[in-house]
Amino acid sequence: MPYPVGHLVFFMFCVLLAGMLAMAAMSFKVRMRLSDARHLKLYMGILVLAGCTGSLFPDVPALWNFILHGNLRHVTVGPVPTHSLFFGIVFFCIALMIGYLIYGKRTKAVSVGLFAGAGFISHLMLDDLAEGSIYYLYPFYGEPFRLFYSFFV
């Protein structure tokens with residue numbers, strides 16, 4: 001399993017860079033005032049924070065287990081696997097609600113949720129490439145399997 005820094009770097013180069021370049025290109029099309037530029041910087045910062053949190057979120061139980069039990073097991077929270085699309089959907093909904101509370105606009109809330117979800121998916125992809133056991137279809141299929149690893153090896 002890659003280290004947390006590896007997950008952040010993978011997210012930054014694979015997802016965040018493309019999203020930020022697209023947003024910057026859109027901002028050049030429209031004439032912006034100084035206050036709009038400040039809001040755009042804050043908005044981009046929140047998107048970066050949401051994506052980086054999403055790329056680290058599946059491994060949160062490792063910190064919990066390290067503090068309570070002294071090990072780094074990080075695959076489940078109770079009976080629910082953290083490296084599953086079900087857990088990713090829950091995290092997407094949490095990020096969506098937080099984005100809506102911050103902005104009050106549905107489009108900005110959805111973009112915050114999408115960046116968080118993209119960070120989560122990039123974490124699953126990187127763990128899968130590193131021979132991790134991912135429970136992609138957890139409620140419907142309870143066994144881990146590798147999706148991307150078989151294509152590249």
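**Exercise 1. The nonpolar core**

Task: In this predicted model, find how many residues the largest nonpolar core has, and which of them have the most contacts inside it.

Solution. 
- Step 1. Count the members. The largest nonpolar core has 20 residues.
- Step 2. Look for the residues with the most contacts inside this core. They are Met20, Leu47 and Phe115.
- Step 3. Ask which elements give two or more residues to the core. These are H1, helix H2 (34-56), H4 and helix H5 (106-129).
- Step 4. Find the largest share. H2 supplies it, with seven residues.

**Exercise 2. The chain as a whole**

Task: State how many helices and strands the chain has, and give their pattern along the sequence.

Solution. 
- Step 1. Count the elements. There are six helices and two strands.
- Step 2. Read along the sequence. The pattern is α-α-α-β-β-α-α-α.
- Step 3. The chain has 153 residues, and 35% of them count as buried.

**Exercise 3. His83 and its partners**

Task: Decide whether His83 is buried or exposed. Then find the side chains with which the His83 side chain makes polar contacts.

Solution. 
- Step 1. His83 sits in the loop between strand S2 (80-81) and helix H4 (85-103).
- Step 2. Apply the cut-off. Buried means under 20% relative accessible area. His83 has 2% relative accessibility, so it counts as buried.
- Step 3. Take one partner. The side chain of Thr82 makes a polar contact with the side chain of His83, at 3.1 Å.
- Step 4. Take another partner. The side chain of Asp127 also makes a polar contact with the His83 side chain, at 2.9 Å.

**Exercise 4. Two pairs across the sequence**

Task: How many residues apart in sequence are Asp128 and His83, and what is their C-alpha to C-alpha distance?

Solution. 
- Step 1. Start with Asp128. This residue is in helix H5. Its relative accessible area is 0%, so Asp128 is buried.
- Step 2. Pair Asp128 with His83. They are 45 residues apart in sequence and 9.8 Å apart in space, C-alpha to C-alpha.
- Step 3. Move to Phe92. This residue lies in helix H4. Its relative accessible area is 25%, so Phe92 is partly exposed.

**Exercise 5. Cysteines**

Solution. 
- Step 1. Check Cys14. Its relative accessibility is 45%, so Cys14 counts as partly exposed.
- Step 2. Check Cys93. Its relative accessibility is 34%, so Cys93 counts as partly exposed.

How values were computed. Residues numbered from 1 in each chain as written. Predicted model: local features only at pLDDT ≥ 70, side-chain atom pairs only at ≥ 80, totals over all residues. Heavy atoms only, no water. Helix = DSSP H or I, 4+ residues; strand = E, 2+ residues; numbered from the N terminus. Buried < 20%, exposed > 50% of the residue type's maximum accessible area, 1.4 Å probe, protein only. Polar contact = N/O pair within 3.5 Å; in protein donor to acceptor, adjacent residues only side chain to side chain. Core = buried A, V, L, I, M, F, W, Y, C linked by side-chain atoms within 4.5 Å.
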